[in-house]
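Biologist: I'd like a close look at one part of this model, and then how that part sits in the rest. Please take it slowly and spell out your cut-offs.

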Amino acid sequence: MWKLFHQLASPPHFYRLAAVIAPWLAVPGILLIAYGVYAGLFLAPMDYQQGDAFRIIYVHVPSAYLSMMAYMIMAISGGIGLIWRIKLSHAVAAASAPLGAAFTFLALVTGSIWGRPMWGTWWEWGDPRLTSELILLFLYFGYMALRGAIDDTAKADKASAVLALVGVVNVVIVHFSVEWWSSLHQGATLMRKDGPAMDPGMLYPLLAMILGFTFLFGSLLLRRVRTEVLFRERRTRWVREMILSPEGS
Amino acid sequence: MEGLAMGNYGAYVWSCFGLTLVVVLFSDWRARLRQRRVYRDIEVRIKALEERQ
């Protein structure tokens, strides 16, 4: 088990493996999203309260879920890097940040667009879910700015990992904000004790979108980690041999 | 056309889907661009070193 773990964490091994896995995640991701978009826009029944505006959830919910998942990947990888000093885990953390920021931005903007016709406002500063999600975006920006401000990669890895770990508190707040405080944002629809509170015709396209976005995120993350690994290992022998080999990357 | 209007919420719904597509494509493009740049920079440096030797 440990041997396999160490082999996976080896940069050259990971670099080659990620190149093989990334397309295999992208293809099912795109197919699931294609089904989810079609079924969500044209087959799912209209919501009796929100009308067709509810269809925004098919992009909003997967984006919001990925905004938190990317942060957790970033924080856990940073933590592993700090404790066990595995170089690859810092590369994973660094690669996860821009993707997490992109999906947080999407969650905020699509949520705001949905809020305009439903709540009558683009934004509500007093709402805990909205505000904590905005703080999440600032945490991503802070993380990337901190990394960019420190030239020494090892120091940047350590400092940014600490910031990422501290910021996990905000992810917990984002997740539970609708339960802890009174919020304009609706409560959990999928993760409920008594099962999802949705019609199957609405639910299946949503599940397909969440799964499809996850696959696509995985593919994008692997490609970004490959680049990060290549940059960090640029002075090593295996990179030199790979570049000089006729096959290249 | 009625399906595209989304019961008068078309502008909200389509802008969300359109924006999502743009952001995902942009992320993909940025990832490819950085991969190419990093690879090319390393390639140039290594080939220059090889020629010097």
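Biologist: Are H5(A) and H6(A) roughly parallel or antiparallel to each other?

Modeller: Some ground rules to begin with. This is a predicted model, where local features need pLDDT of at least 70, side-chain atom pairs count only at pLDDT 80 or more, and totals for chains, interfaces and linings use all residues. Residues are numbered from 1 along each chain as its sequence is written, while chains are lettered from A and ligands numbered from 1 in the order in which they are written.

Now your pair. Helix H5 of chain A covers residues 128-149 and helix H6 of chain A covers residues 153-180; their axes come within 9 Å and cross at roughly 170°. H5(A) and H6(A) are therefore roughly antiparallel to each other. That label goes to angles over 145 degrees, with under 35 counted as roughly parallel, 65 to 115 as roughly perpendicular and the rest as oblique. The axes are lines fitted to C-alpha atoms, for helices over the stretch in contact, and angles run from 0 to 180 degrees between N-to-C directions. Helices themselves are DSSP runs (H or I, at least four residues; strands are E, at least two), numbered from the N terminus.

On the H5(A) side, the residues that meet H6(A) include A:Leu136, A:Leu139, A:Gly142 and A:Tyr143. Their partners in H6(A) include A:Leu163, A:Ala164, A:Gly167 and A:Val171. Contact here has C-beta atoms, placed from the backbone, within 7 Å. By class, this contact has 14 nonpolar, six polar and three charged residues. Nonpolar takes in Ala, Val, Leu, Ile, Met, Phe, Trp, Tyr, Cys and Pro; charged is Asp, Glu, Lys and Arg; the others, Gly among them, are polar.

A:Met74 is, with A:Ile56 and B:Tyr12, one of the residues with the most contacts inside the largest nonpolar core, which has 69 residues. Such a core is a set of buried Ala, Val, Leu, Ile, Met, Phe, Trp, Tyr and Cys residues joined through C-beta atoms within 7 Å. H5 and H6 of chain A are among the helices that each supply at least two residues of this core, as is helix H2 (10-52) of chain B. H4(A) gives the most, with 16 residues.

Stepping back, chain A comes to eight helices and zero strands, and its C-alpha atoms fill a box of roughly 65 × 35 × 30 Å along the principal axes. Of its 249 residues, 39% are buried (20 or more other C-beta atoms within 10 Å; 12 or fewer is exposed, in between is partly exposed).

As for the partner chain, 35 residues of chain A are in contact with 23 residues of chain B. H4(A) again supplies the largest share of chain A's side, ten residues. That side has 21 nonpolar, six polar and eight charged residues. Over on chain B, B:Met6 sits in the loop between helix H1 (2-5) and H2 of chain B, where it touches A:Asp52, A:Arg55 and B:Val13, again not counting residues up to four places away in sequence. B:Met6 is partly exposed, with 19 other C-beta atoms within 10 Å.

Notes:
Contact = placed C-beta atoms within 7 Å.
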